[in-house]
Amino acid sequence: MKKSITLLLAGAALCVLPPSHAQSAAGSAAPWPDRPVRIIVPFAAGGSTDIVARKVAQRLGQLTNQPFVVENKPGAGGTLGAAYAKSQPADGYSLFLGTVSTQSVAPFLYKTLPYDPLQDFRGLAMIASVPNVVVVNKNLGIHDLKQLIAAARKKAGGLTYGSSGLGSSNHLATEALRATLDIPVTHVPYRGSGPALTDTMAGHVDFMLDVAMTSLPYIERGDLSAVAVTSRQRLAVLPQLPTVAEQGFPEFEAVGWFGLFTPARTPDAVARRIAGLVHDVVLEKDMSAYFAAQGATASGVTLADFDAIVAADRAHWGKVAQLARIQPE
């Protein structure tokens, strides 16, 4: 009997605060920044999280006349970078580009975590939400989920899949898809989506779920075969690609997000200042258009509203992990 699992993010992309909120918050804050700011990225360079961080950092630097420097700290599904970010001074000069992987999924994939996603971090602003695309090595001749299922059941031990690392959102999303499709698979974790994509193209692993913004160029060039998108609706940038739901699994959906965090003890005035700037940046016309072209949706949720989404996601992904029978390691 086929199982169906729904992965939802509580309307994250639809909750947008009005510009007046950001403007008033920024106007009342202390003078920040007056020196360079780091954005810690918990995945390898070249992956989707790194790309988002660098895009936002560039614009923040232009607006504040201070450098925003991206610092990659990959490993353990993003948890090493999160632990490092937690330990930094809570002064607004060491920010953290977190994801649904590090803040909502990790607690259910690891028996122990060197940080508490809810207690050790303060959400500043959600940047964007983005669905996954199921991509397959082009030489396998798989073009839809029906063929993927057949290939997995035919191959001894099932197909292999890559992920951004143990505890990453695409790890759990793929396990949820495995349970939904009722197929055998073997997980091969990497230190980011970039290396995993490279090995999928090279044939070292058979397939993976990757966010649209990093897999899109390879799909368009024919380096990867795309078989499904994990959102409820088709992507405007890949209009011919059907959803998982359209291919016979109507309850399945998997959407991720990127957000900016700071250590929990950061002063309120500084947190409001940063949140206001990021809110305005991600909703700028050019930035929103950039994300749309990558298959993502710009967000604008800030501060307490963002913290509430993270907390709700944590509860939801816990249920998903239980349904997918994932045991913490």
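In strand β3 (residues 94-99), L95 is the residue that stands opposite I39; strands and helices here are DSSP runs, numbered from the N terminus (E, at least two residues, for strands; H or I, at least four, for helices). The model is predicted: local features need pLDDT of at least 70 and side-chain atom pairs count only at pLDDT 80 or more, while totals for chains, interfaces and linings use all residues. Residues are numbered from 1 along each chain as its sequence is written, and side-chain values use heavy atoms, with hydrogens and water left out.

**Strand β1 and its partners**

- Strand β1 spans residues 37-41, and four of its five residues are buried, meaning under 20% relative accessible area with a 1.4 Å probe and protein chains only (exposed is over 50%, partly exposed in between).
- β1 pairs with β3 in the parallel sense over three bridges; two strands pair if DSSP finds at least two bridges between them.
- β1 also runs parallel to strand β2 (residues 68-72), joined to it by five bridges.
- Across from β2, R38 stands opposite V69, and I40 stands opposite E71.
- Together with helix α2 (residues 48-64), β1 and β2 make a right-handed β-α-β unit; right-handed means that, with the strands pointing away from the viewer, the path from the first strand over the helix to the second runs clockwise.

**The cavity**

- There is one cavity of 30 Å³ or more, a cavity being a set of points on a 1 Å grid over the protein atoms alone where a 1.4 Å probe fits but cannot get out.
- The largest cavity has a volume of about 240 Å³, volume being the space filled by probe spheres set on the points, which are joined across faces, edges and corners.
- Its lining has 25 residues, of which S48, S101, S164, S169 and V211 are the closest to the centre; lining residues have an atom within 4 Å of a point.
- The elements that give two or more residues to this lining are α2, α4 (100-105), α6 (169-181), β7 (207-211) and β9 (255-263), and β9 gives the most, with four.
- The lining divides into 11 nonpolar, 12 polar and two charged residues; Asp, Glu, Lys and Arg count as charged, Ala, Val, Leu, Ile, Met, Phe, Trp, Tyr, Cys and Pro as nonpolar, and the others, Gly among them, as polar.

**Backbone details**

- W32 and P33 are joined by a cis peptide bond, with omega about 0 degrees, and P33 lies in the loop between α1 (19-27) and β1.
- A76, in the loop between β2 and α3 (79-86), has a positive phi of about 55 degrees although it is not a glycine.
- D182, in the loop between α6 and β6 (185-189), has a positive phi of about 60 degrees and is not a glycine either.
- A76 is partly exposed at 36% relative accessible area, and D182 is partly exposed at 42%.

Conventions: 1 Å grid on protein atoms, 1.4 Å probe; cavity = no way out; pocket = protein on both sides within 12 Å on 5 of 7 lines; lining within 4 Å.
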